[in-house]
Amino acid sequence: MSDDITQIEAQKIIDRESTHLKSRYVLMYTDKQIELLDSALSYAIRMHGGQRRVSGEPYIVHPIAVANILLDIGMDSSTVAAALLHDCIEDTTATSDEITALFGAEICELVAAVTKLEKMVFKSKEEEQAENFRRMFFAMAKDIRVILIKLADRLHNMRTIDVLSKERQIAIATETLDIYAPLASRLGLSFIKCELDDLCLKTLHPEAYEELVKAVSLKRAERQELVAHICDMLRKKLDELKLNGQVSGRPKHFYSIYKKMVGQNKTFDQIYDLTAVRVILESVRDCYEVLGVIHTMWKPIPGRFKDYIAVPKPNNYQSLHTTVMTNYGVPLEIQIRTFEMHKIAEYGIAAHWKYKENRVVDSDLDDKLEWLRGVMETEKAQTADPEEFYESLKLDLYSGQVFVFTPRGDVISLPEGSTPVDFAYTVHSEVGNKCVGAKVNNKIVPLETKLQTGDYVDIITSQNSKGPSRDWLRFIKTSTAKSKIRAFFKHAMKDENIKRGKEILEREAKNRGYSLNDLLVPKWLDTIMLRYSFSSLNDMYASVGYGAYTSNQILLKLIDFYKREHPTPPENITGSSFTAKVDGHGIVVNGHSDMLVRMAKCCSPVPGDRIVGYISRGRGVTIHRDSCPNIKNAEDFRLIEAHWSGNRFAPFVASLTVECQDSGGVLARITKAVSDMKVFIEALSARADKDNKGVISLSVRITSPEQLDMVINRIKSLRNVDKVYRTVK
């Protein structure tokens, strides 16, 4: 749509869209609810009057489209009204008080929760995004309808994304694929999830999307013939069995085909399950009866049967899935479920409002929100900053599931890769805190063992246990377990955490050339307290002590305040193990030369080595050689770009170890060889090991890594020298 659309044309669009919306909701709600929606629609049209979208069309088209999507899933009238008003507070002169007065507190709370963050100053776009999601989940915990409006809002934005710049399209589609589509899946909103996936594929990989559309179109006739034949056979069989049911074909959406091709390295011609057949029946008993009949009609493919009726998915999806080999020689997936299961599969959590005039609150709905409550425990324990919460959320959304058994035979669903510790904390906090071991299938196993579907898990506890180990945080998978372990250290070891946190802050301040006492000015502390919701100074110390916040998060802000009032920086304190200088070289981390860094003892990087920074809690940035094995499996978000600054040829000291035969003259030959290369030896020592082999340690002052390599190779070439290597300090 062009930007120069006339006012008359805009009004025609508004009239058309609002009339269509009214024609839908008058069929779904009571007279009083229709009156509410009429008022909300009129108010939204008036408040957004004159506003245009990037496409040039009237802005009100967007809220109306969001309302239509919510009508598709049968939401209550309050949710639809909130959808019509969801941008009013942010983008118009409307106020919360006015919306409350006109439409009530319930609708105003929904609108306020959906409204984007107030304009705040963030260190980065990532931090703003993370904080946005954190607040959104808080709102969800109060009322799940908030996320349903957000998902409808995102779906319409993705449908109309073409008018934005390519950069904005990629950013929005990536965020949608990372968070919103998996979230829709977790809430069981199948049709929203599938459409979001396909729209993201179209935006992020347009060529692959177009090729898939063409390929699917070419095979459509052949596929429809097969599916129609199978459906006819199944309908006849239902008639013979006198079972009431529906049989239909369901095409696979493009993104799932693309993911299968990429993930399994297959060509399009190797993907057979482009369509599934769905059988919907009245009872669970009918489902299992029809499954048995299907397996007599066609041979089932081993390993391709899944019973999600007995063990539902985490989003409460239930169905029987079986793949059979048809008479055409082509495998075909058949899904069997009840009408109630089908409603849940399509509408997920929204099914609790479908066909109902008022909001439903019951124990069944509460059970479906168990996962959401688990996610929010991280925040209740105040153990994660927004970015950590965001990463934890993505981990929970993306994880596949394993189903394991308790000693009583109960089934527990856990994210793929979970361990007995995750299992223990899922059962109960105290079981986790008292855990001292685990049995899997009656065999004692290490606590970091990854559980598999079908495992029987028995946790060994002890009343004498002093609590969880911090090492568990290294391998556990679930955000629930992480939050409960951190909560334990926060509460059970508060005094120790306060002491540790204060020591960390004092040490880091000293290494930056400041006294912590000079930075703890009340007016500056007030800002820190407000930003991170600390209740006291000890609360701040404890939060740093148990790892909820890094020292940098606290100190950088305080130092910034200090610099504003004291333009002349204090003298740097030297002699610390935390330093940004090595033999005259500085280190630039992510473009900043004044960040707190320390050298890794595991690989002892020296100027000239290729390096990378690792963000460690409470210890700033640790510099490793990029080949260091200790960072090979590090989380990507903890790694940060780093390089040496300063004179490339400035001398630096490197330590070497020489292993040699314990024979006369070898030490003299080494010192002469190094001296002949005009390299200065700063320190040297020699000893014999337990096998009577000679071990010589020497420190040499050199100007480049290349010169160091030459020294090592020269010593290696000497008689009776077995091995030469850099010393790790």
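The model is a predicted one, in which local features need pLDDT of at least 70 and side-chain atom pairs count only at pLDDT 80 or more, while totals for chains, interfaces and linings use all residues. Residues are numbered from 1 along each chain as its sequence is written, and side-chain values use heavy atoms, with hydrogens and water left out.

**Surface patch**

With a relative accessibility of 75%, Leu27 counts as exposed, given that exposed means over 50% relative accessible area, buried under 20%, and partly exposed in between (1.4 Å probe, protein chains only). Together with Val26 and Met28, Leu27 forms a nonpolar patch on the surface, and the accessible area of these residues together is about 300 Å². Such patches are made of residues with over 30% relative accessible area and no salt bridge, like charges being joined within 9 Å and nonpolar side chains (Val, Leu, Ile, Met, Phe, Trp, Tyr) within 5 Å; the areas come from the Shrake-Rupley method with a 1.4 Å probe, and for residues only the protein chains shown count as cover.

**Salt bridges**

Side chains of opposite charge can pair when their charged atoms come close. Searching the whole structure gives 17 salt bridges, each defined as a side-chain nitrogen of Lys or Arg within 4 Å of a carboxyl oxygen of Asp or Glu. Among them are the following pairs.

| Salt bridge | N to O distance |
|---|---|
| Glu17 and Arg16 | 3.1 Å |
| Asp72 and Arg24 | 2.7 Å |
| Asp232 and Arg235 | 3.1 Å |

Asp232 and Arg235, by contrast, both lie in helix α12 (residues 206-241), 3 residues apart, or about one turn of the helix. Asp232 is partly exposed with a relative accessible area of 41%, and Arg235 is partly exposed with 36%.

**Cysteines**

A search of the whole structure finds 0 disulfides, a disulfide being a pair of cysteine sulfur atoms within 2.5 Å. Cys88 is buried, its relative accessible area being 0%, and Cys435 is also buried, at 3%.

Terms used: Helix = DSSP H or I, 4+ residues; strand = E, 2+ residues; numbered from the N terminus.
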